[in-house]
Amino acid sequence: MRIVGLTGGIASGKSTVSNLFKSHGVPVVDADVVARDALKKGSGGWKKVVAAFGEEILLENGEVNRPMLGQIVFSDPDKRQFLNRLLAPHISSGIFWEVVKLWLKGYKIKRLMGRDKSSEEDAGNRINAQMPLDVKRNKADIVIDNTGSLDGLNEQFQKVLIEVSKPLTWTQFWLSRNGALIILASLTSGVVLCIKALS
């Protein structure tokens with residue numbers, strides 16, 4: 001299984017590219033959905049956040065008022081970092097288990113993405129809180145430039161799809177589901193043969 005991470009700035013077209021992946025049968029794990037699950041009422045993340053920020057961030061039904069929490073943390077870098085530290089273990093484990101589920105099902109590509117709807121002021125705070133796009137661009141293996149037309153984006157996407165769909169290298173194969181199954185079968189066979197030889 002090849003794992004592909006998709007990131008970008010706010011309103012950079014992540015959802016459009018995500019939908020292109022989905023339309024080509026590529027399973028998508030949305031980091032925002034995982035983050036929302038980490039804040040569901042009664043979850044470990046919910047308990048930590050309510051303990052840290054108080055019950056005033058809750059809606060009447062006990063769920064976290066995400067827009068209110070967003071306003072609090074995106075206007076204060078220290079509170080944002082604190083929230084990130086609280087939720088990071090829950091989000092990371094949620095993403096990990098989604099990847100494991102896909103791996104067990106035998107999917108070949110998995111992709112992470114995120115998107116949020118917010119007010120203009122909140123959007124500005126969120127943009128300022130993000131890693132600069134130049135830094136993201138320099139860390140990326142593949143860059144999709146979404147400043148042109150939709151046709152141009154589709155053309156770039158087709159090239160990316162070919163790139164991420166290439167056969168795995170030997171190292172990647174041994175880390176894949178099939179490679180792990182071959183290793184497990186080989187070890188099991190070896191143990192059975194040793195037991196029979198010693199009997």
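The protein has 10 helices and three strands, where helices are DSSP runs of H or I with at least four residues, strands are runs of E with at least two, and both are numbered from the N terminus. This is a predicted model, in which local features need pLDDT of at least 70 and side-chain atom pairs count only at pLDDT 80 or more, while totals for chains, interfaces and linings use all residues. Residues are numbered from 1 along each chain as its sequence is written, and side-chain values use heavy atoms, with hydrogens and water left out.

From the N terminus on, the order of the elements is β-α-β-α-α-α-α-β-α-α-α-α-α. Of the 199 residues of the protein, 30% count as buried; buried means under 20% relative accessible area, exposed means over 50%, and partly exposed lies in between, for a 1.4 Å probe and protein chains only. Contact is taken as heavy atoms within 4.5 Å. Among contacts between residues at least 6 apart in sequence, 66% join residues at least 24 apart.

The description may begin with helix α1. This helix covers residues 14–23, and its residues K14, S15, V17, S18, L20 and F21 are buried. After α1 comes G25, whose phi is positive, near 80°.

Two packed helices are described by the angle between their axes and the distance between the axes. The axes are lines fitted to C-alpha atoms, for helices over the stretch in contact, and the angles run from 0 to 180 degrees between N-to-C directions. Helix α1 packs with helix α8 (residues 150–164) at an angle of about 55°, and their axes are 11 Å apart. The two helices are therefore oblique to each other: angles under 35 degrees count as roughly parallel, over 145 as roughly antiparallel, 65 to 115 as roughly perpendicular, and the rest as oblique. The crossing of α1 and α8 is right-handed, a term for the near helix being turned clockwise from the far one by less than a right angle, anticlockwise being left-handed. From α1, the residues T16, V17, L20 and F21 make the contact, and from α8, L150, L153, N154, F157, V160, L161 and V164. By class, this contact has nine nonpolar, two polar and no charged residues. Here Ala, Val, Leu, Ile, Met, Phe, Trp, Tyr, Cys and Pro count as nonpolar, Asp, Glu, Lys and Arg as charged, and the others, Gly among them, as polar.

The loop between α7 (133–139) and α8 contains T147. With a relative accessibility of 71%, T147 counts as exposed. T147 and S12 are 135 residues apart in sequence, yet 8.4 Å apart in space, C-alpha to C-alpha.

With helix α2 (residues 31–38), α5 packs at an angle of about 125°, with the axes 9 Å apart. Helices α2 and α5 are therefore oblique to each other, and their crossing is right-handed. The contact is formed by A31, V34, A35 and A38 of α2 together with L87, H90, I91, G94, I95 and E98 of α5. These residues divide into seven nonpolar, two polar and one charged.

With helix α3 (residues 44–53), the axis of α5 comes within 9 Å and crosses at roughly 160°. That makes α3 roughly antiparallel to α5. The crossing of α3 and α5 is right-handed. On the α3 side the contact is made by G44, G45, K48, V49, A52 and F53, and on the α5 side by K79, F82, L83, L86, L87 and H90. Seven of the residues in this contact are nonpolar, three polar and two charged.

In soluble globular proteins, nonpolar side chains tend to be buried together. A nonpolar core is a set of buried Ala, Val, Leu, Ile, Met, Phe, Trp, Tyr and Cys residues joined through side-chain atoms within 4.5 Å. The largest such core has 13 residues, and those with the most contacts inside it are L39, V49, F53, I57, V64, L69 and L83. The elements giving two or more residues to this core are α3, α4 (66–74) and α5, and α3 gives the most, with four residues. Leaving aside its neighbours within four places in sequence, L83 is in contact with V49, F53, L69 and V73. Apart from this core lies another, of 11 residues, among them L6, V17, L20 and L153.

Helix α4 also holds R66, which is partly exposed, with a relative accessible area of 30%. Beyond its neighbours within four places in sequence, R66 is in contact with A35, R36 and L39. The C-alpha atoms of R66 and R36, 30 residues apart along the chain, are separated by 8.8 Å.
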